[in-house]
Amino acid sequence: MVGAETLHQDEAVLLATALVDHVAASAGLQALFIKGPAATMMGLRGPHVSADVDVLVPPEDLDRVVQLLGGRGWLERPSGVSVVREYQHSKTLYHPQWNCDIDIHDRFPGMEAPPRSAFDALWRDRQYLLMATRSVPVPSIPAAVIIQALHSLRNMGDPRHVDEYLGLLQRIGATVHRDLVDLSAELRATAALKPLLDDLGMANLPMLPGAVSEEWRYRTSVQGTGTAYLVELMEGPWRAKPRVLARAIFPSRQSLRHDNLYLDESVAGLLRAHLSRWRRGLVGLPTAARKIRASRLR
């Protein structure tokens, strides 16, 4: 008998994109595919193999899409510890026989407009690209620029995201600028996009507001669970600090499975997982403290 052939990562992502689109469309649901292959096809980033499918859906449809994909064997990935639960914006699905994840978003961080309004604005100007022989809806060029920029700007501690952001700047044509400003204002994303607008020479336009949200400050300062715990220890009430510290030192098995779906749950395996987590936390602590301090000065 001939053994099954493993899909290449890029093949899996394209096929999973087509699958999600088919599942959503068959149920009469809207689904907009963001980042990933679409950004590459639009010339907004260089060739890069995505690890997952990113799809944006109306907030009221999130659980329905998760349920429909669950009927096809896709399981919700353990979420780990969400220190600030109100900032959750997606659910991640995995399949034991697929080598990519599906991230289903009900909003996109940095866009402060109500999630349904933001989705409607992005859906209104959608275009279509061919993926795995299926025509799937993706954002317009200005919308895709905004999404790529927000994704990079909240992760600028990562050299890869810095490179992607600098590459995006080089790829934005002047004809996009006006639409970019208008759409960012409609999405209420101009505050988070200020570095991009600065770099494009547009940050001083009179209609561009204000301060970034508390969530955006959190997202740009917190990179990883360890930093999130540090933020909660610093900002949470005193009565909650012992509980936060205990969760940070001894996370639940669900949290450990977030890092490793195939966690060895023997005593020795759990000890190794804890030791590895403590080591990463100690190494990252100085950087985490600097990020948090910098975010307070903005």
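Predicted model: local features only at pLDDT ≥ 70, side-chain atom pairs only at ≥ 80, totals over all residues.
Two strands count as paired if DSSP finds at least two bridges between them. Strand β2 (residues 52–56) runs parallel to β5, and the two are joined over five bridges. Within this pairing, valine 53 has isoleucine 102 of β5 as its bridge partner.

Strand β4 (residues 90–94) also pairs with β5, this time in the antiparallel sense and over four bridges. Here serine 90 stands opposite histidine 105 of β5. The two strands β4 and β5 make up a hairpin, with six residues lying between them.

Turning to the helices, α5 (residues 141–153) packs against α7 (residues 177–186) at an angle of about 65 degrees, and their axes lie 9 Å apart. The crossing of α5 past α7 is right-handed. On the α5 side, the contact involves Pro142, Ala143, Val145 and Ile146, which meet Asp179, Leu180, Leu183 and Ser184 of α7. Sorted by class, this contact has six nonpolar residues, one polar and one charged.

Why is glutamate 215 counted as buried? Its relative accessibility is 13%, and buried means under 20%. The side chain of glutamate 215 also makes a polar contact of 3.1 Å with the side chain of arginine 107.

Terms used. Residues numbered from 1 in each chain as written. Heavy atoms only, no water. Axes fitted to C-alpha atoms, helices over the stretch in contact; angles between N-to-C directions. Left-handed = near helix turned anticlockwise from the far one by under 90°. Contact = heavy atoms within 4.5 Å. Nonpolar A, V, L, I, M, F, W, Y, C, P; charged D, E, K, R; others polar. Buried < 20%, exposed > 50% of the residue type's maximum accessible area, 1.4 Å probe, protein only. Polar contact = N/O pair within 3.5 Å; in protein donor to acceptor, adjacent residues only side chain to side chain.
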